[in-house]
Amino acid sequence: MIAVADPGNERHGVETTACPTCASGSRVQYVGQGHALVVPITSPVAGRRTLTIVYESNGSRPLHVIVGDQPTVQLSLPGRGSWTEPARVELPIDLPAGDTVIRLFHPDRPAPDLDQLIIA
């Protein structure tokens, strides 16, 4: 599990807030509208993986995801109608060996709040 609220992640206009129903006890809010979260990761070997994004939203919101230098994946994520009930989406990704980053953003619309990332 990768806590997106980890202080080692790059925050571009986003903020962390307490979240008692989130796995790490906090979540990242204000993603989107030009604001982004960049999460550094290291993979010992290259390969196809599944990225699970755990998020909160009171309605449907868009989210763009870029893994390393791969093309942007555009998602439309349905919310659970609550900022306290986590939802999940799974996304197949190709991870390179070594260090890379996962960028989570939307250029002009509000995205969901982010709780955690799971790579399996």
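Throughout these legends, a contact (or touch) means heavy atoms within 4.5 Å. This is a predicted model, in which local features need pLDDT of at least 70, side-chain atom pairs count only at pLDDT 80 or more, and totals for chains, interfaces and linings use all residues. Residues are numbered from 1 along each chain as its sequence is written, and side-chain values use heavy atoms, with hydrogens and water left out.

View 1. Let's start with the overall picture: the protein has 11 strands and zero helices. Both kinds of element are DSSP runs numbered from the N terminus, with helices being H or I of at least four residues and strands being E of at least two. The C-alpha atoms fill a box of roughly 35 × 25 × 25 Å along the principal axes. The radius of gyration, taken over C-alpha atoms, is compared with a globule rule of 2.2 Å times the number of residues to the power 0.38. For 120 residues a compact globule would come near 14 Å, and the protein agrees with that at 13 Å. Among contacts between residues at least 6 apart in sequence, 73% join residues at least 24 apart.

**View 2. The disulfide between C19 and C22.** A disulfide is a pair of cysteine sulfur atoms within 2.5 Å, and a search of the whole structure finds one. It joins C19 to C22, with an S to S distance of 2.1 Å. The torsion about the S-S bond is about 70 degrees, so this disulfide is right-handed. C19 is buried at 1% relative accessible area, and C22 is buried too, at 7%.

**View 3. D115 and its neighbours.** D115 sits in strand β11, residues 113-119, and is buried, with a relative accessible area of 1%. Setting aside residues up to four places away in sequence, D115 touches A3, V4, C22, A23, S24, S26, R27, V54, Y55, E56 and P86. The C-alpha atoms of D115 and I53 are separated by 7.8 Å, although these residues are 62 apart along the chain.

**View 4. S57 in strand β6.** S57 belongs to β6, residues 47-57, and is buried at 1% relative accessibility. Its contacts, not counting residues up to four places away in sequence, are G79, R80, G81, S82, W83 and P112. S57 and G79 are 22 residues apart in sequence, with their C-alpha atoms 4.6 Å apart.

View 5. Y30 lies in the loop between β4 (26-29) and β5 (36-43). Phi of Y30 is near 70 degrees, a positive value in a residue other than glycine, and Y30 is partly exposed at 46% relative accessibility. Q33 also lies in the loop between β4 and β5, and phi of Q33 is near 50 degrees, again positive in a non-glycine residue.

Terms used
Buried < 20%, exposed > 50% of the residue type's maximum accessible area, 1.4 Å probe, protein only.
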